[in-house]
Amino acid sequence: MAIEVRVPTILRTYTGGAKIVEGSGDTLTELIDDLDAKHSGLKGRLITPEGGLHRFVNIYVNDEDVRFLGALDAKVKDGDSVTILPAVAGGALGFAAAAALLGGL
Amino acid sequence: MATATLGSAKSHGNVNDVLTIDRAIIDAIVAHARRDHPDEACGVVAGPIGEDVPTRHIPMDNAARSMTFYEFDSMEHLRVWREMDDLDEEPVVIYHSHTATEAFPSRTDISFAGEPNAHYLLVSTREPDTEEIRSFRIVDGVVTEEEVNIVDATVKA
């Protein structure tokens, strides 16, 4: 058993085109480290240089947004299904103003 | 009546340099944008994977409820994307409105654009009687405008 991770189109360049990959770990951080070891570069698209979850992606464990589960500390286990989706957002607001509003992009 | 603005016919090596979309869907998107004005409206038009034909209009909540920003609600986003997966569909069009500015992607739009296969459709509702409707590909931060070809009855009733 492993943790099944669904990868969006935009990140499949890191997974050799695979839509579903497998990983392991007890927390989301560990899972992402494990994935990055197999699919180098993936971590940089999910986690900011400051170590937070990237604003440009949503990550779900089963049916729950990890932002409600402790973000990178969210617990994961074998048999869980993790889904990564690119956040859909934007608007006329200038980028600097949006970044201030959202606490950094 | 919605009218589309033609994009420049630049060659950019992308075979999909036109968005062909049913008038009924454009009318529904414009109605959504008008309904939510002056807040920005947003949504998706799904279609069968690989066919580049938008067939199913899905208006989404703007979780930001803002005149200058839009954001899908994360749980609605997951639900709709799973539903598309189950139906062998993909997001062919991702749309939103600008309510006081032109229908052109902002830097924020470009930064967030994460669906390289989608047509990013923008509707401006700044004029009360007419809508500006333009469509773009946004891939790796590069914006390419494309023609919007509004047709009658591509959607099977």
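Chain A has three helices and six strands, taken as DSSP runs numbered from the N terminus (helices: H or I, at least four residues; strands: E, at least two). This is a predicted model, in which local features need pLDDT of at least 70, side-chain atom pairs count only at pLDDT 80 or more, and totals for chains, interfaces and linings use all residues. Residues are numbered from 1 along each chain as its sequence is written, while chains are lettered from A and ligands numbered from 1 in the order in which they are written.

**The fold of chain A**
- From the N terminus on, the order of elements is β-β-α-α-β-β-β-β-α.
- Five strands of chain A make an open, mixed sheet in the order E2-E1-E5-E3-E4; strands pair if DSSP finds at least two bridges between them.
- Its edge strands, E2 (20-23) and E4 (64-65) of chain A, each pair on one side only.
- Strand E1 (residues 3-6) of chain A runs parallel to E5(A) over three bridges, and Glu4(A) has Ser81(A) as its bridge partner in E5(A).

**Where the chains meet**
- The contact draws 21 residues from chain A and 27 residues from chain B, with residues in contact if their C-beta atoms, placed from the backbone, lie within 7 Å.
- Strand E3 (57-61), strand E5 (81-86), strand E6 (89-90) and helix H3 (95-102) of chain A each supply at least two residues of the side of chain A that touches chain B.

Notes
Contact = placed C-beta atoms within 7 Å.
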